[in-house]
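Me: I would like to learn how to read packing features from a set of coordinates. Please give the general idea each time, then the case at hand.

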Amino acid sequence: MSTIWDEPMGLALDQARCALRSGDVPVGAVVLDPDGVLIGRGGNAREATGDPTAHAEVLALRAASADRGTWRLEGCTLVVTLEPCTMCAGAIVQSRISRLVFGAYDEKAGAVGSLWDVVRDRRLNSRAEVFAGVRADESGALLRDFFADHR
């Protein structure tokens with residue numbers, strides 16, 4: 001079933017493929033402004049940069065903040081190929097992202113429903129609307145292939 005998030009997820013998948021070409025885990029992310037305009041993008045770059053915080057989501061949020069000139073990303077949407085980890089879920093909350101769209105669930109480290117649900121925790125001052133499972137098969141296949149080659 002096609003959704004309005006299929007095309008933006010395609011952009012995130014492109015970022016995941018870029019990360020893969022540079023030897024990183026293939027996770028990609030994009031940020032859209034309230035009008036749907038792309039304002040940030042990122043692919044995992046931990047291996048390339050030696051930075052443990054260089055997750056796709058963090059890089060995309062940094063780019064979007066630079067584009068908007070503020071850390072507050074209210075009204076924006078983060079689209080990412082894999083369910084965010086706790087660090088990235090915390091960054092989503094801190095950036096005030098309004099909407100999170102993700103592809104594959106991460107049963108081992110996911111913080112948006114799998115192990116925790118940080119971005120929708122009622123105790124926090126900001127909560128994102130979540131759309132999960134968008135093009136999950138494609139996202140999951142990239143990850144499965146990557147890890148099969150690294151075992």
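Me: Leaving aside its neighbours within four places in sequence, which residues is Ile 92 in contact with?

Reply: First, note that this is a predicted model. Setting aside neighbours within four places in sequence, Ile 92 is in contact with Leu 61, Leu 78, Pro 84, Ile 97, Leu 100, Val 119 and Ala 128. Ile 92 also belongs to the largest nonpolar core, which has 28 residues. Within that core, Ile 92 is among the residues that touch the most other members, together with Val 27, Val 31, Leu 78, Ile 97, Leu 100 and Val 119.

Me: Which elements give two or more residues to this core?

Reply: They are strand 1 (28–32), helix 3, strand 3 (77–82), helix 4, strand 4 (99–104) and helix 5 (136–149). The most comes from helix 3, which gives four residues. Another core lies apart from this one; it has eleven residues, including Trp 5, Met 9, Ala 12 and Leu 32.

Me: How do I describe the packing of helix 3 and helix 4?

Reply: The general idea is that two packed helices are described by the angle between their axes and the distance between the axes. Here the axes of helix 3 (residues 56–68) and helix 4 (residues 86–95) come within 9 Å and cross at roughly 20°. An angle under 35 degrees counts as roughly parallel, so helix 3 and helix 4 are roughly parallel to each other. The crossing of helix 3 past helix 4 is left-handed. On the helix 3 side, the contact is made by Glu 57, Val 58 and Leu 61; on the helix 4 side, by Met 87, Cys 88, Ala 91, Ile 92 and Ser 95. By class, the residues of this contact are six nonpolar, one polar and one charged.

Me: What follows helix 4?

Reply: Arg 96 follows helix 4. Arg 96 has a positive phi of about 70° although it is not a glycine, and its place is in the loop between helix 4 and strand 4. Its relative accessibility is 17%, so Arg 96 counts as buried.

Me: Where does Arg 135 lie, and is it buried or partly exposed?

Reply: Arg 135 lies in the loop between strand 5 (129–132) and helix 5. With a relative accessible area of 28%, Arg 135 is partly exposed. Its phi is also positive, near 55°, in a residue other than glycine.

Me: What is Trp 5 in contact with, leaving aside its neighbours within four places in sequence?

Reply: Those contacts are Leu 32, Thr 77, Arg 99, Val 101, Phe 131 and Val 134. Trp 5 sits in the segment before helix 1 (6–21) and is buried, with a relative accessible area of 12%. Trp 5 and Val 101 are 96 residues apart along the chain, yet their C-alpha atoms are separated by 7.5 Å.

Me: Is Ser 65 buried or exposed?

Reply: The cut-off for buried is under 20% relative accessible area. Ser 65, found in helix 3, counts as buried because its relative accessibility is 18%. Leaving aside its neighbours within four places in sequence, Ser 65 is in contact with Thr 70, Trp 71 and Leu 73.

Conventions. Residues are numbered from 1 along each chain as its sequence is written. This is a predicted model: local features need pLDDT of at least 70, side-chain atom pairs count only at pLDDT 80 or more; totals for chains, interfaces and linings use all residues. Side-chain values use heavy atoms; hydrogens and water are left out. Axes are lines fitted to C-alpha atoms, for helices over the stretch in contact, and angles run from 0 to 180 degrees between N-to-C directions. Angles under 35 degrees count as roughly parallel, over 145 as roughly antiparallel, 65 to 115 as roughly perpendicular and the rest as oblique. A crossing is left-handed if the near helix is turned anticlockwise from the far one by less than a right angle, and right-handed if clockwise. Contact means heavy atoms within 4.5 Å. Ala, Val, Leu, Ile, Met, Phe, Trp, Tyr, Cys and Pro count as nonpolar, Asp, Glu, Lys and Arg as charged, and the others, Gly among them, as polar. A nonpolar core is a set of buried Ala, Val, Leu, Ile, Met, Phe, Trp, Tyr and Cys residues joined through side-chain atoms within 4.5 Å. Buried means under 20% relative accessible area, exposed over 50%, partly exposed in between (1.4 Å probe, protein chains only).
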